[in-house]
Amino acid sequence: MYEGSNYGDAGGCILCHGRGFRGAPPMIELYHCVDARSFRALWALEELGLEYRLHMLPFPPRVHRPDYLELNPLGTIPLLIDGEVRMTESAAIPQYLATRYGPSPLAVEAHETDYGLWLDWLHRSEATLTFPQTIVLRYTRLEPEERRLKQAADDYTQWFLSRLRHLTRALGDREWLCADRFTMADICVGYALVFARLLDLDHRFSPEIADYWARLSSRPAFLAAKAAQDVGLPPPIPPAPGASGASEASS
């Protein structure tokens, strides 16, 4: 159940959703654009069952909501505010939430065998898998027609797909990536598959990855995160009105 309110002008209002917190102000706030990298944080909040307030922004926020720069001078999303803590890295936020609000099976502890593997997948999800996708997005959809670069988009598509082969290998003998259970690593890597679907690359998924995606996308918390962002919002990641927004691709 969600409680919400709108504020701001009609052209750039922010929707706030609280997850059934019975009138008390939520402890955590998340600034998010539909299906952008901040979805990692939203999904993590839902998996942990934490109370939060969700602020929806048009994409890219630094172009369409310049007042957001007062909160986050980078102009990127996510921005997670938890008391005095402010975080803007989408793969770090799930790790923070699982350890700050643990103990939780979504974290892999330092004494567990797969602790290093867990950290490796958390960082690989962004640096190795999501990064090339942002280049593809920029040069196929965000830049104006005269600035689009097919060669760059093709090269970085191949980069992403070649790195995705490691995920296929990892899933050859396991259901989840680490510690024989679903963890925040699966959320972070799972977002790269969300992004791949937005870029129409999911037809290139191996059978192992397609099955993994089916497991991820059927989780109740994934569906709850999708529902939270989708109520009354524009289509995912609309094209920016020129090159000024392109550098924020999926930030």
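**Notebook: a walk through the model**

I started at the loop between α6 and α7, where D200 sits; helices here are DSSP runs of H or I with at least four residues, strands are runs of E with at least two, and both are numbered from the N terminus. D200 is not a glycine, yet its phi is positive, about 60 degrees.

*Ground rules.* I am working with a predicted model, in which local features need pLDDT of at least 70 and side-chain atom pairs count only at pLDDT 80 or more, while totals for chains, interfaces and linings use all residues. Residues are numbered from 1 along each chain as its sequence is written, and side-chain values use heavy atoms, with hydrogens and water left out.

*Confidence.* I looked up pLDDT, the predictor's confidence in each residue from 0 to 100. The mean for the protein is 85, and 82% of its residues reach 70 or more. Where pLDDT is low, the predicted coordinates should not be read in detail.

*Overall build.* I found 8 helices and 6 strands. From the N terminus, the order is β-β-β-α-β-α-β-β-α-α-α-α-α-α. Buried residues make up 53% of the 251, with buried meaning under 20% relative accessible area, exposed over 50%, and partly exposed in between (1.4 Å probe, protein chains only). Of the contacts with a separation of 6 or more, 70% join residues 24 or more positions apart.

*Helix α5.* I checked the length of α5 (residues 150–170) first. Its 21 residues should span 30 Å, and the end C-alpha atoms are 31 Å apart, which agrees; the expected span is 1.5 Å times one less than the number of residues. Buried residues in α5 include F160, L161, L164 and L167. Among the elements covering the buried residues are α4 (115–142), α6 (184–198) and α7.

*The α5–α6 loop.* Is L177 buried or exposed? L177, in the loop between α5 and α6, counts as buried because its relative accessibility is 1%. Leaving out residues up to four places away in sequence, L177 touches L117, W121, L167, A170, L171, A185, D186, V189 and Y212. D180 has a positive phi, near 60 degrees, and is not a glycine.

*Aromatics.* I next looked for rings of Phe, Tyr and Trp (its six-membered ring) whose centres lie within 6.5 Å; planes under 30 degrees apart count as stacked, over 60 as edge-to-face and the rest as tilted. The whole structure has 13 aromatic pairs. One cluster is formed by F39, W43, W176, F182, Y212, W213 and F222. R215 lies over the face of W176, 5.5 Å from the ring centre, and K226 over the face of F39, at 5.7 Å. For this, NZ of Lys or CZ of Arg must be within 6 Å of the ring centre and within 35 degrees of the ring normal.

*Cis peptides.* I noted a cis bond between I77 and P78, with omega about 10 degrees; P78 is in the loop between α2 (61–64) and β5 (79–82). Another cis bond joins G102 and P103, with omega about 5 degrees, and P103 is in the loop between α3 (92–100) and α4.

Terms used: Contact means heavy atoms within 4.5 Å.
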